[in-house]
Each structure stands twice: as C-alpha cells, then as structure tokens.
Amino acid sequence: MEITAYQPCIDAEFESLIERIYPPRVCIDNETYQDCTLVKVDSANKQGILLEMVQVLTDLDLVISKSYISSDGGWFMEVFHVTDQLGSKLTDESLILYIQQALCENRRRGVSKELQTCLHREVRPPYASTDHTAMEITGTDRPGLLSEISAVLSKLECHVTAAVVWTHNNRVASIIYMEDGFQGGPITDPKRIAHVQEQLENVVEAHHGVGERRSVRLTAPAPGQKTHTGRRLHQLMYASMDHEPCQGCNGGGLAHRNNCTQIHVSIESCKEKGYSVVNVRSRDRPKLLFDTLCALTDMQYVVFHAAVSSKGTMADQEYFIRQQDGCTLDTESERHKLTQCLIAAIERRASHGVKLDICTHNRMGLLSNVTRSFRENGLSISRAEIGTDGDRAVGSFLVTDASGYEANPQAIEEVRKEIGGSVVVVNKSPGRTASVGSISRTSSGSIDEDKPRFSLGSLFWSQLERLSSNFSSIRS
C-alpha cells in the first residue's frame, strides 16, 4: 500500500511565530575533525530553509565538502563540513560570529554593521544598493548581444554599476544594475523608464524567432523585498526553458558511473517511506550544492533528508524529496523534467572559455566599451560579472570565439590593450567542456585535487553573486 503524506496548511504568521519562539540553534565545532569545521544547525522547519542556510555559507565563499540533512516532522537538522577556499578550518572569531548571526534569529534583520566591519569584508557589495534600478533580460543568446544592450544603455545615459550574465543552451539571462547618468540615483521618471525598456526590447527582439521566449523587465528600489542575484538568475533561466535540451549520461553500470565525469541523475521511488530518491553525480565545483537546491526549491520540491559528499573532482548528492502537496514523482514526465532541470542548474555555472579578470577606471559607458572590444575581436561572452566601487570597476568575463570554442590568443591580447587597466588571463579551458576546479577537503584527512586559483577579480568581487537588494516591479 502506498503512503500518502499529510501536508498541513500552516498560516505564514503562525509559521513566523514558531520561528521566533524556537529560533535556529547554531553550533560551530572545530574540535571533531582536524581538517574541517562542522556547522550544526537545529531549527523549526519551513519550506526553503535548507536553501537559506546553504546560501549563507556559499555567500561567504566557504567550501562545503559534506552535508547531512534531516527534516522529518516540524524540526530541521543539518550538519555541514566546511572550510575556507584554502582548505583551512574556520578560526576567525568574527567570521564564526557572523555565521551564527546570519543563521540564527538575526537573519531576518540582517547581520549588524559592526560585525561586518569586524569581518573586514562587505558581505553586501556597495553597488547593490537601493540607489540603483535593476533590469532583468532573458532571450536567445548570440554573439554581441551584451555589447548591443550596453551600447543602448550608454546612449540613453544609463550608468551601469553592476552586471551579471549567464548563458546556457543558447539562452541568456542577465541582471544589470544601473543609475541615472545625469543626476545619479535610480531612474524614476516613468516616461524615461518606458523609453529605456522599449529600446532594450527592440534589441532583444531583433534576432528572435516566432514563439521564442524573451523578456525585458525594469524594477526599482522597494523596501522589504530582497532578491538574491544567483537564485534569481536560476529562476530566469528556468522560466526561459533552458533545461529542455539537457541530457545526462545514460551509461549503464556502477563501474561506468563511478568513472564517468559527466552528469548522472537517477530518480527512484521509496514507496515504503513515501519518498522519491534523487541521486546526482557530477564534477565538484564551488556553489554546486546551492545551485542544485535552487532547482529543487524553485520546482516546489521539499527535501526531507539529504547526504552530500565530494571526493577528488567528483561530488555525489542524494535527496529524499516530495512535492509540496506530499506526493512523490509518480510519472515519467515528472522524473524527466526534474532530471533536465537538475542538469541545467549544474551546467549553468560551469566554466567554458578563457577567463579574464579586469580592474580598470570606472567611467560612463565602460561596459559598452569592454563588450564592444570583445565583439570587434571576434569573441563571445559566455558569462560575465562586473561591479563598480567608487572610481574602480572590477569583474571577470569568460569568453570563447563566436562558435563557442577556444578564443584566439591574439584576440585576447588585442582586448587587453584596448581595455586598459589590469587585465589578467586566469585560466583556459579547451573547447566547450572544461574541468572546473574546487577544493574538497574531507574529514578523512585527505586533500583532493584541483585547488582554485585566486585572482584580483575573484578576491575583490567574490561577493558578486550575492547582489541582494530591494526591488519591486515598475513595469512588467
């Protein structure tokens, strides 16, 4: 007999009351293992809390090498094996206190400014403020698209303060933060907003086929609403159906699965417990757990138990899930779609191309100049993130040739000359497939391979994925 889980309807205010009465309890343990710090969390359970917890740790650029989660009933328990990017335990008292505040009762109000100062880092970047207008764009990817968009913004006197761009399966999603180039601050004039949106819609629509999905949306600051840029980009990509072409490796046999470096996803039924069991094996990389949980959460799946671990360059994730209504994945179409979406979530952040870290003088039209240089030298941007801080602009670009293959070194050198400032070639990845390195230091005492290389861009703008700001829709 199949088990049908009972899902009570809980009022949001009552759920908030429970959370205030029973706030999360956080224990930072540096004694149990020599090679990692344990972060243990006990909390009243609610939908999306696991993603919130992982988001706090990944936003601090911490490496989660193992994790165990259980949330049956009304209580949630999880254990994370964590190191910094150098594979060391967390010993900085201000960092430990920050994690405790961010995960505990203060996470609704945010961490105190005093603690952020003690942390010697800005967890919320200066360019992600309520003084900026945000623009979200999705559509069909093509060489030169970001160059055309930034050129229009420059012509309309919109100063770009930060931008993040993802591409995957010929789809593109971008979030661009900008301010009024005339007076500074957010763009508030309704006529100007309508004009900017109309011009950008013309650019995005120019090369779209009939029925292809595309969108241009401007939003303005609004207190009380927060948007996490990394998660929002996943949502935009999911809405644009970038997952439809995705296929994992279907090779049979445990031996093949253990030796294959492609993405493997299997979904089985655990009828005696009323769960669907999802197993994912892929290359290990930073933010992998966060990306996987974004897919599960945005598709309205609830994680009851999970075990995550990494070994060498590979990572294994196992989830016991149900839909929000308590049902399991009973149809092949449901399992197929979840498989595609998990693969897409993992692939979106995977690197391919040459990575360039840029640090140069901040000026009006900078993004337009940089992207035009890429386009004129036959380079296509596969991923980008750039931000400004006073008179400096720092960011990174992953570029390929126009066909998606390795960029010509001569073209890279021309771009470096034209952009000016500091332009560092961080890494090269041949063709379309690249090995993405990360640290996976396990509690067994071994240090696995592929340590990440630090660069000016990654050190200074490592928070770029964490663009959390307050926005509400101006015009949809």
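At 39% relative accessibility, E205 counts as partly exposed, a class that lies between buried (under 20% relative accessible area) and exposed (over 50%), computed with a 1.4 Å probe on protein chains only. E205 forms a salt bridge with R214, the closest N and O atoms being 3.4 Å apart; the term denotes a side-chain nitrogen of Lys or Arg within 4 Å of a carboxyl oxygen of Asp or Glu. The model is predicted, so local features need pLDDT of at least 70 and side-chain atom pairs count only at pLDDT 80 or more, whereas totals for chains, interfaces and linings use all residues. Residues are numbered from 1 along each chain as its sequence is written, and side-chain values use heavy atoms, with hydrogens and water left out.

**Salt bridges**

- The structure holds 17 salt bridges, among them the one between E205 and R214.
- R214, the partner of E205, is partly exposed at 37% relative accessibility.
- K40 and D29 meet through their side chains in a salt bridge with an N to O distance of 3.6 Å.
- This pair links distant parts of the chain, with K40 in strand β2 (residues 37-44) and D29 in strand β1 (residues 25-29), 11 residues apart; strands (E, at least two residues) and helices (H or I, at least four) are DSSP runs numbered from the N terminus.
- K40 is partly exposed, with a relative accessible area of 31%, whereas D29 is buried at 11%.
- A salt bridge also joins the side chains of E332 and R335 (3.4 Å, N to O).
- Both E332 and R335 belong to helix α10 (residues 332-348), where they are three residues apart, about one turn of the helix.
- E332 is exposed, with a relative accessible area of 54%, and R335 is partly exposed at 23%.

**Aromatic pairs**

- Three aromatic pairs are found in the whole structure; rings of Phe, Tyr and Trp (its six-membered ring) pair if their centres lie within 6.5 Å, and planes under 30 degrees apart count as stacked, over 60 as edge-to-face and the rest as tilted.
- Y275 and F304 form a tilted pair, 5.6 Å centre to centre with 45° between the planes.
- Because Y275 lies in strand β10 (residues 275-283) and F304 in strand β11 (residues 301-311), the pair ties together parts that are 29 residues apart in sequence.
- The rings of Y275 and F320 have centres 5.9 Å apart and planes at 80°, so this pair is edge-to-face.
- F320 lies in strand β12 (residues 314-323), 45 residues from Y275.
- Y275 is buried at 5% relative accessibility, while F320 is partly exposed at 22%.
- One aromatic cluster is formed by Y275, F304 and F320.
- The charged end of R322 sits over the ring of F304, 4.6 Å from its centre; this requires NZ of Lys or CZ of Arg within 6 Å of the ring centre and within 35 degrees of the ring normal.

**Nonpolar cores**

- The largest nonpolar core has 55 residues, of which F80, I99, Y319 and L338 touch the most other members; such a core is a set of buried Ala, Val, Leu, Ile, Met, Phe, Trp, Tyr and Cys residues joined through side-chain atoms within 4.5 Å.
- A second, separate core of 43 residues includes V196, I381, A407 and I419.
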